[in-house]
Amino acid sequence: METTSLIYQKLEAFIKKYYTNELLRGTIFFVGLGLIYLLFTLFVEYFLWLKPAGMTVLFWTFIAVELFLVIRFILFPLSKLFRIRKGIDYNDASKIIGNHFTEVSDKLTNFLQLSNDKNQSELLLASIEQKAANLQRVPFGNAVNFNKNRKYLPLAIIPVLFFIFFYISGNSGMISQSFDRVVHFKQQFLPPAPFQLVVVNENLQTEQGSDFVLKMKSEGKVVPESAVIYINDERYFMETVSPGVFEYKFEKPVKNTEFHVEANEVSSADYELAVVAVPTIANFEMVLNFPGYLNKKSELIKGTGNAIVPEGTRVTWKVAALATKTVEWSDLKSVTPFSSNENNFSLSKIIVQNTDYQILTSNAKVKNYEKLNYQISVVKDQFPTISVSNAPDSLKVDKNVVIGRVSDDYGLSRLQIVYYPKGKPESGRKAAIAVKRAIFDQFIYTFPDNLPVEQGVSYEYYFEVFDNDAPHGFKGTKSSVFSNRIETNEEKEDKMLQEQNSNINSLEKSLKNQDKQMSDLDKLQKMTKEKENLDFKDQMKIDDFVKKQKQQDEMMKQFSEKMKENLKDFKSEKKDEFKEQLLEKIEKAEKVSEETQKLLDELKELNDKIKQEDLIDKMDKIKQNAKNQTKNLQQLVELTKRYYVEKKAEQIADKLDKLSEKQDQLSDKDKENNSEKQDEINKEFDKIQDELKELDKENKELKKPMDIPKDAEKEKSIDEDLKKASDELQKENKDKAKPKQKSAAKKMKQMSAAMSESMQAGEMNEMEEDIKVLRQILDNLLAFSFSEENLMNQFKGLRRLSPSFNKNLKIQQDLKQQFKHVDDSLFALSLRNPKISEEINKEVGNVHYNIDKSLENLVEAIVPKGVSHQQYAIASANKLADMLSDALNGMQMSMFRNGLRKAKTRTGRRHAIAGYHPKARCAWTENEGRHEKR
């Protein structure tokens, strides 16, 4: 059995030697084939200069091949050698040994078969033992011959010798460079070229937001003509600066950028432009908080640090920045840091003068990267300005009216007027004038307005405006100085009377021009009636007349307006019925003027359309309307003259009364009674005498002068007393002067009373006379109306060939003349009594118009149309009679009221009631009876 075990041990030893031989042969193959494939890989990279992708494939293929060789030739034999994997068994080993030793042949196989037989008999065991003994002498290990591996040694030695040859020949770089490129397969390796692209820039680093210019140049035998830069898989041509030198500008890069450059298929290495983060202002704004007295809301300015601000403004800078550690404010003298809160920075300063400053930003890498230069201009609070001047003449206002303009750069606080007696500025007084608290305002002021001033005193005044600059004490500016004398009531009345006289004269001249216009209208009417068709020249004449008449009406309207304004300025303690009637007449005259304007427009329209028949009719109406207007204005002029004379007489009487009191008071004052004071009174009386002469002249110019007494002897006596009193005062003999002063005062008082009483009595007498005249006119008008009505009834039954037709035409002519007498009497009455209204004049004109038209038609034998105009004339006459009756009643009642008002005694009032009132009642009853009879 020991022999059998020995056989099995020898088999185990054989198997180990067998796989040891396999491992030895595998090592030779691994080294040889591995080195050969390594050389192949290195040669491929050396000649092809693969890109990183190709090198990656080549590298991992090499690793895969080497792993395969290791596994196949090293790991496999080892795993079987150490029985990790199943290898050859005893049977396989016996076959290998039997094939190697001929004497063994199948003996070893039979031995193993017998040993494995389960039916072990003694004979079998003996046989096994015998075979084992025979095999014991055979060296199984010799079946494995290590020397057979020598034929494989060249496979490993030749690659090794190849490597040794490269190292010895100095070309080891070929192996080492290729090996280095394969090992570092992720990197880009470029094949050697005839030139190289080299970066000229010292460093590839730039600041964020700043342009970076890349400079590349070629080094080698070949100079490329152009170069292309590759950035993020996009290609851009570089600028050729000079042969072999190229530039490319990276515009404001914000992050690191990879790139490489190629020229003539030669590529540079991959580079990266490093972008350094710099301080960046994301938002910049200023908050302007103005001084409180300006009353201005704070303002926000964005994107700039420049501003123009009022003095004392608090400026707050607010900066939102990125990649910024500090923000500083510098005025080139000092540096002030901003307070910070994360990425927000702020600083506040009060600005009182012009300031040039910088905003500086920094971070850990960049110091004072941005230097933003700005300027704040300070506007000093200026003095307010004031401009005052008299109102221009074109405005047609009072000469005392001034127009002022005030302004200030930041606002006004108050405006005042400072006034004082001329030459006494120390006595100045102030009064406030309303002004807006704005930067500009205008005002209109009429001195003295409501200021407490004395009449007859000359004042100087100026205006003063103040701004709202409280810190500087409300700066003020004065205007130029104006002067004005405060007129007395007497001077104002004189002035108004003079203006009224001027207005009357102007209106009279205008009425004369109106007569010429009516003459031109007559010519146009005649021309229109004589021509069948009007030519262009005729139309132009009519247009020219319309134009002139409009201008004439406008001129008369302006004068009427002036008269109305002047009448309104007359102040009276009692109700002035005469003035109110004049104002009413002016307003009605303006309405008549408007009607004339309308008729003129219609005339022009008809002239343009060449409607000749309508044109003639419209001319008739214009003519009649113009006649009415002329009558109204003539009446207005005459009545205003009478009013002017009456007011002037009242004024002179009042002046005499006041002068008498002044003379009487002077005689009682011993200290003030001197020649100078007396001379002043003498001059005033001389002036009154001149006014009396002027009044007498103006009164005589009236159509019917008023009864104004003129006592020349008393005037002479007063004048003598005044002169004697003045002479005695010059001799300082006051005792002898005093009686003369008293005498003069008494006579002036008497003269004033005589004028007043005479004016009142004259007014009553004139009123009574006007009533009588109006009654007679009314009787004549009624007679005309009855006669015209009878004549109309006769014409209704007549024909043109009737014998009485011409006789009736003669009667119509006589009636026309009869009514003209009524018109003349009525017009004469209207010139002194305002009760004769414009409506009365209008109806008078209607009667004239219809009588003329009736005559025209009757002469042409157009009886129906002539009778129609007669009927219109009668209707107008009846309407006129009603108006005159009302006017008569009004005049009687006015006379009654004036009698009661002006009667100073009970007897006088009884006389007014007994004398005037019954007459008024009787006249009323009588007139009503006539109306009923008619």
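**Notebook: rings, a sheet and a helix**

I started with charges over rings and found the charged end of Arg-72 over the ring of Phe-73, 5.2 Å from its centre. The model I am reading is a predicted one. I also noted Lys-349, which lies over the face of Trp-329 at 4.6 Å from the ring centre.

**Sheet around Trp-329**

I followed Trp-329 to its bridge partner, which is Thr-336 in strand 16. Strand 15 (residues 326-330) pairs with strand 16 in the antiparallel sense, over 3 bridges. I then traced the sheet: 5 strands form it in the order 13-20-19-15-16, and the sheet is open, with mixed pairing. Strand 13 (307-310) and strand 16 (335-337) are the edge strands, each pairing on one side only. For the angle between neighbouring strands of this sheet I noted 30 degrees on average, direction ignored.

**Aromatic pairs**

How many aromatic pairs are there? I have the count as 25. Tyr-419 belongs to strand 23 (residues 412-421), while Phe-447 is in the loop between strand 25 (440-446) and strand 26 (458-467), so the pair ties together parts that are 28 residues apart in sequence. Buried or exposed, for Tyr-419? Tyr-419 is buried, at a relative accessible area of 4%, and Phe-447 is buried at 2%.

Phe-784 is in helix 14 (residues 734-796) and Phe-819 in helix 15 (residues 805-830); the pair links distant parts of the chain, 35 residues apart. I recorded both as buried, Phe-784 with a relative accessible area of 0% and Phe-819 with 1%.

Going back to Tyr-419 and Phe-447, I found both in a cluster linked by ring pairs, together with Phe-443, Tyr-445, Tyr-459, Tyr-461, Phe-463 and Phe-482.

**Helix 12**

I ended with helix 12 (residues 675-700), which has 26 residues. From its first C-alpha to its last I have 38 Å, close to the 38 Å expected at 1.5 Å a residue. What reaches the backbone nitrogen of Glu-676 at the start of the helix? A side-chain oxygen of Asn-674 does, to within 3.2 Å. I listed buried residues of helix 12, among them Ser-675, Ile-681, Phe-685, Ile-688, Leu-692 and Leu-695. The buried residues also include Gln-678, Asn-682, Gln-689, Glu-691, Glu-698 and Asn-699.

Definitions and conventions. Residues numbered from 1 in each chain as written. Predicted model: local features only at pLDDT ≥ 70, side-chain atom pairs only at ≥ 80, totals over all residues. Heavy atoms only, no water. Helix = DSSP H or I, 4+ residues; strand = E, 2+ residues; numbered from the N terminus. Expected span 1.5 Å × (residues − 1). Buried < 20%, exposed > 50% of the residue type's maximum accessible area, 1.4 Å probe, protein only. Polar contact = N/O pair within 3.5 Å; in protein donor to acceptor, adjacent residues only side chain to side chain. Phe/Tyr/Trp six-rings, centres within 6.5 Å; stacked < 30°, edge-to-face > 60°. Lys NZ or Arg CZ within 6 Å of the ring centre and 35° of its normal. Pairing = 2+ DSSP bridges. Axes fitted to C-alpha atoms, helices over the stretch in contact; angles between N-to-C directions.
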